[in-house]
Amino acid sequence: MIEWDDKFSVGVQGIDEEHKKLIDIINKAAVTNKFKKIRVVLATLDEMINYAGYHFLTEETYMVGSDYPEYLFHRNEHIGFTDKVIDFQNRVVSGDSQVVNEAQEFLKQWLVNHIQETDSRYTDWFNRNSLK
């Protein structure tokens, strides 16, 4: 489980709220993982893809609107994340029973690292461009 901490804040309230929702989905995946019901796992992964897509669009819209210099790098990380979660879904459907633990760990590690490393790099840029 991941608990929200101010160390995850990127200084933009709307994005912080979206990050909290992503954490909630990951925490739901942790609970789902304990029950290992395939349809619940698939629904959780689907929710992650859908909400992450919404969140990524928010970030990328801010980046394009403010001419953020690392936009393409950041966008590629988002694409890689989505591709990986889709791969997890496909593996669940094909009967890979090991994927549930792997997916849970990936989601947790990726989000924490992405927020604290990649996302944190745009904090100053967004704030200088009046995004708070």
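**Note on the predicted helical model**

1. Averaged over the chain, the pLDDT is 90, and 95% of the residues score at least 70.

2. Helix α3 consists of 23 residues. From its first C-alpha to its last it reaches 33 Å, close to the 33 Å expected at 1.5 Å a residue. After α3 comes Gly95, which has a positive phi, near 95°.

3. Which residues of α3 are buried? They are Tyr71, His74, His78, Phe81, Val85, Phe88, Gln89, Arg91 and Val92. These buried residues pack against two other helices, α2 and α4 (99–118).

4. Helices α2 and α4 also meet each other: their axes come within 12 Å and cross at roughly 20°. Because angles under 35 degrees count as roughly parallel, α2 and α4 are described as roughly parallel to each other. Their crossing is left-handed. On the α2 side, the contact is made by Val41, Leu45, Met48, Phe56 and Glu59; α4 contributes Val100, Ala103, Leu107, Trp110 and His114.

5. Ile38 deserves a separate remark. This residue lies in helix α2 (residues 38–65). With a relative accessible area of 45%, Ile38 is partly exposed, because that class covers values between the 20% and 50% limits. Ile38 and Val92 are separated by 54 residues in sequence, yet their C-alpha atoms are 7.1 Å apart in space. Val92 is itself one of the buried residues of α3.

Definitions and conventions. Residues are numbered from 1 along each chain as its sequence is written. This is a predicted model: local features need pLDDT of at least 70, side-chain atom pairs count only at pLDDT 80 or more; totals for chains, interfaces and linings use all residues. Side-chain values use heavy atoms; hydrogens and water are left out. pLDDT is the predictor's confidence in each residue, from 0 to 100. Helices (H or I, at least four residues) and strands (E, at least two) are DSSP runs, numbered from the N terminus. Buried means under 20% relative accessible area, exposed over 50%, partly exposed in between (1.4 Å probe, protein chains only). The expected span of a helix is 1.5 Å times one less than its number of residues. Contact means heavy atoms within 4.5 Å. Axes are lines fitted to C-alpha atoms, for helices over the stretch in contact, and angles run from 0 to 180 degrees between N-to-C directions. Angles under 35 degrees count as roughly parallel, over 145 as roughly antiparallel, 65 to 115 as roughly perpendicular and the rest as oblique. A crossing is left-handed if the near helix is turned anticlockwise from the far one by less than a right angle, and right-handed if clockwise.
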